[in-house]
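Dear colleague,

I am handing over the structure that we spoke about, and you will find the sequence and the model just below. Please look through both before reading the notes that follow.

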Amino acid sequence: MRQYKKDGINGLQPKKGKHCLLEQPKQIDLEQTKIDKSKTQDELLEEIAYLRAEVALLKKRRALRLESEAGAQKRLLKSSQN
């Protein structure tokens with residue numbers, strides 16, 4: 001409403017510049033879609049199992065890193081208190 005009152009109908013037009021360029025809708029990779037459609041059910045299940053294992057590995061690595069950082073922070077606090 002403010003834009004309309006300030007600039008009239010032209011104030012409602014989308015602005016040109018970087019902002020408009022960044023908001024382009026994501027395009028589906030047609031080649032990857034064709035590849036996925038040609039896979040058998042067993043191949044897709046194998047891929048899902050692989051991706052699940054990869055996600056589990058990444059989660060475990062993150063948990064270990066956070067645990068290590070927390071331990072280091074506790075040791076730092078204990079040493080500063082003494």
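This is a predicted model: local features need pLDDT of at least 70, side-chain atom pairs count only at pLDDT 80 or more; totals for chains, interfaces and linings use all residues.

I begin with E69, which counts as partly exposed at 42% relative accessibility (buried means under 20% relative accessible area, exposed over 50%, and partly exposed in between, with a 1.4 Å probe and protein chains only). E69 forms a salt bridge with R65, and the closest N and O atoms of the pair are 3.5 Å apart; a salt bridge here is a side-chain nitrogen of Lys or Arg within 4 Å of a carboxyl oxygen of Asp or Glu. R65 is likewise partly exposed, at 43% relative accessibility. The two residues are four apart in helix α4, which covers residues 41-81, so about one helical turn separates E69 from R65.

Residues are numbered from 1 along each chain as its sequence is written, and side-chain values use heavy atoms, with hydrogens and water left out.

As for confidence, the mean pLDDT of the chain is 84, and 85% of its residues reach 70 or more, where pLDDT is the predictor's confidence in each residue, from 0 to 100. Among the elements of the chain, α4 has the highest mean pLDDT (93), whereas helix α2, made of residues 18-22, has the lowest (58), and I would ask you to keep that in mind.

The chain has four helices and zero strands, and from the N terminus on its elements run α-α-α-α. Helices (H or I, at least four residues) and strands (E, at least two) are DSSP runs, numbered from the N terminus. Of the 82 residues of the chain, 2% count as buried. The accessible surface comes to about 8700 Å², and 56% of that belongs to carbon and sulfur atoms; such areas come from the Shrake-Rupley method with a 1.4 Å probe, and for residues only the protein chains shown count as cover.

The count of salt bridges comes to three. K39 meets D36 in one of them, at 3.8 Å from N to O, and K39 also meets E47 in a salt bridge, at 2.6 Å from N to O, and in this way D36, K39 and E47 are linked in a network. D36 is partly exposed at 31% relative accessibility, as are K39 at 25% and E47 at 30%.

Lastly, Y4, I9 and L12 make a nonpolar surface patch of about 320 Å². Patches are made of residues with over 30% relative accessible area and no salt bridge, like charges being joined within 9 Å and nonpolar side chains (Val, Leu, Ile, Met, Phe, Trp, Tyr) within 5 Å. Y4 lies in helix α1, residues 2-7, and is partly exposed, with a relative accessible area of 43%.

With best wishes
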